[in-house]
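Open your viewer and keep the selection tool ready. Each stop tells you what to select and what is there.

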Amino acid sequence: MKCYRKILRIPWTARRPNQSILQELGMKERRLLENIKQLKLKYFGHVVRHNNLEKLCLEGAVEGRRGRGRPRRRWTQDISDWLGFSVREASKLAQDRDGFRSAVWEATSYKDPP
């Protein structure tokens, strides 16, 4: 809701219920995270299907030692977590557009909590 309020330029001191903000945006429920996931997964499929610099950066490895501390969260880790496949399997699936679209839809479809 913080992102929606920022989009509408509503100050944090304004006392407005969340439902009024969602109505102003023309939405029934909060779906920002699902939209971001869907766009990220679609872009992954686009990058994997083409031979370009982005694909080279995605598949490349950096030589040398890693830094101290906890490893940073990688872009590909989100992809594998959301789809439930390894990145290699997801890139093979991305070659089939229709199969990849259905996997993306399955990963980003809104599910009610139990």
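**Before you start**

This is a predicted model: local features need pLDDT of at least 70, side-chain atom pairs count only at pLDDT 80 or more, and totals for chains, interfaces and linings use all residues. Residues are numbered from 1 along each chain as its sequence is written, and side-chain values use heavy atoms, with hydrogens and water left out. Helices (H or I, at least four residues) and strands (E, at least two) are DSSP runs, numbered from the N terminus.

**Stop 1: R9**

Select R9. It sits in the loop between α1 (2–7) and α2. Most residues other than glycine have a negative phi. R9 is exposed, at 76% relative accessibility. Buried means under 20% relative accessible area, exposed over 50%, and partly exposed in between (1.4 Å probe, protein chains only).

**Stop 2: N18**

Move on to N18, in helix α2 (residues 18–25). N18 is partly exposed, with a relative accessible area of 27%. Which residues does N18 contact, leaving aside neighbours within four places in sequence? They are M1, R5 and R30. Contact means heavy atoms within 4.5 Å. Now select M1 as well. N18 and M1 are 17 residues apart in sequence, yet their C-alpha atoms are 7.2 Å apart in space.

**Stop 3: α3 and α5**

Select α3 (32–49) and α5 (75–83). Two packed helices are described by the angle between their axes and the distance between the axes. Here the angle is about 105° and the axes are 11 Å apart. Axes are lines fitted to C-alpha atoms, for helices over the stretch in contact, and angles run from 0 to 180 degrees between N-to-C directions. So α3 and α5 are roughly perpendicular to each other. Angles under 35 degrees count as roughly parallel, over 145 as roughly antiparallel, 65 to 115 as roughly perpendicular and the rest as oblique.

Show the side chains where they meet. From α3 come K37, K40, L41, Y43 and F44; from α5 come W75, D78, I79, W82 and L83. By class, this contact has 7 nonpolar, no polar and 3 charged residues. Ala, Val, Leu, Ile, Met, Phe, Trp, Tyr, Cys and Pro count as nonpolar, Asp, Glu, Lys and Arg as charged, and the others, Gly among them, as polar.

**Stop 4: L83**

Stay in α5 and pick L83. Is L83 buried or exposed? L83 is buried, with a relative accessible area of 11%. Not counting residues up to four places away in sequence, it touches L41, A90, F100, A103, V104 and A107.

**Stop 5: α6 and α7**

Next, select α6 and helix α7 (residues 97–108), whose axes come within 7 Å and cross at roughly 125°. That makes α6 oblique to α7. A90, L93 and A94 in α6 meet R97, G99, F100 and A103 in α7.

**Stop 6: the largest pocket**

Finish by selecting F44, V48, L58, E59, R74, W75, T76, V87 and S91, which line the largest pocket. On a 1 Å grid over the protein atoms alone, a pocket is an open set of points where a 1.4 Å probe fits, with protein on both sides within 12 Å along at least five of seven lines; lining residues have an atom within 4 Å of a point. The lining has 5 nonpolar, 2 polar and 2 charged residues.
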